[in-house]
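Please read it alongside the sequence and the coordinates.

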Amino acid sequence: MDIETMKTFLVLVDTKNFTRTAHQLFIAQSTVTNRILELEKELNVTLFERNNRSVELTPAGERFSLYAASVIRLTDTAMAEISSPDTIPGNQRCFCSSVP
């Protein structure tokens with residue numbers, strides 16, 4: 001399980017459509033399908049009920065969506081805070097001038 005798979009899962013939760021999810025993420029529909037199938041295999045649950053036109057979350061999918069959303073929020077927060085030089089304790093800036 002990785003972040004991209006969780007993001008794919010959450011977009012599919014919103015769109016309820018594999019094709020729209022693929023277009024939104026700029027990936028192939030088969031990639032969306034494979035990511036969801038691998039996620040279901042790893043979790044050993046069915047996350048979506050599929051029909052010809054859309055998908056619906058199962059109870060297990062609804063529970064997992066809460067965790068996936070939390071993981072994505074936490075990851076985004078961590079990336080923003082860690083990559084910002086102003087949030088690193090002890091970080092100091094030094095300015096130099098060539099003017100005497």
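Helices (H or I, at least four residues) and strands (E, at least two) are DSSP runs, numbered from the N terminus. The model is predicted, so local features need pLDDT of at least 70 and side-chain atom pairs count only at pLDDT 80 or more, while totals for chains, interfaces and linings use all residues. Residues are numbered from 1 along each chain as its sequence is written, and side-chain values use heavy atoms, with hydrogens and water left out.

**Loop residues with positive phi**

- Phe26 sits in the loop between H2 and H3; its phi is near 60°, a positive value in a residue other than glycine.
- Phe26 is exposed at 77% relative accessibility (buried is under 20% relative accessible area, exposed over 50%, partly exposed in between, with a 1.4 Å probe and protein chains only).
- Asn44, in the loop between H3 and strand S1 (48-50), is not a glycine but has a positive phi of about 60°.
- Asn44 is exposed, with a relative accessible area of 68%.

**Nonpolar core**

- A nonpolar core is a set of buried Ala, Val, Leu, Ile, Met, Phe, Trp, Tyr and Cys residues joined through side-chain atoms within 4.5 Å.
- The largest one has 16 residues, and Phe9, Ile36, Phe48 and Phe64 have the most contacts inside it.
- Two or more residues of this core come from each of H1, helix H2 (18-25), helix H3 (29-43) and helix H4 (59-83).
- H1 gives the largest share, five residues.
- Not counting residues up to four places away in sequence, Phe64 touches Met1, Met6, Phe9, Leu39, Leu43 and Leu47 (contact means heavy atoms within 4.5 Å).

**Thr5**

- Thr5 belongs to helix H1 (residues 3-15) and is buried, with a relative accessible area of 10%.
- Leaving aside neighbours within four places in sequence, Thr5 is in contact with Arg35 and Leu39.
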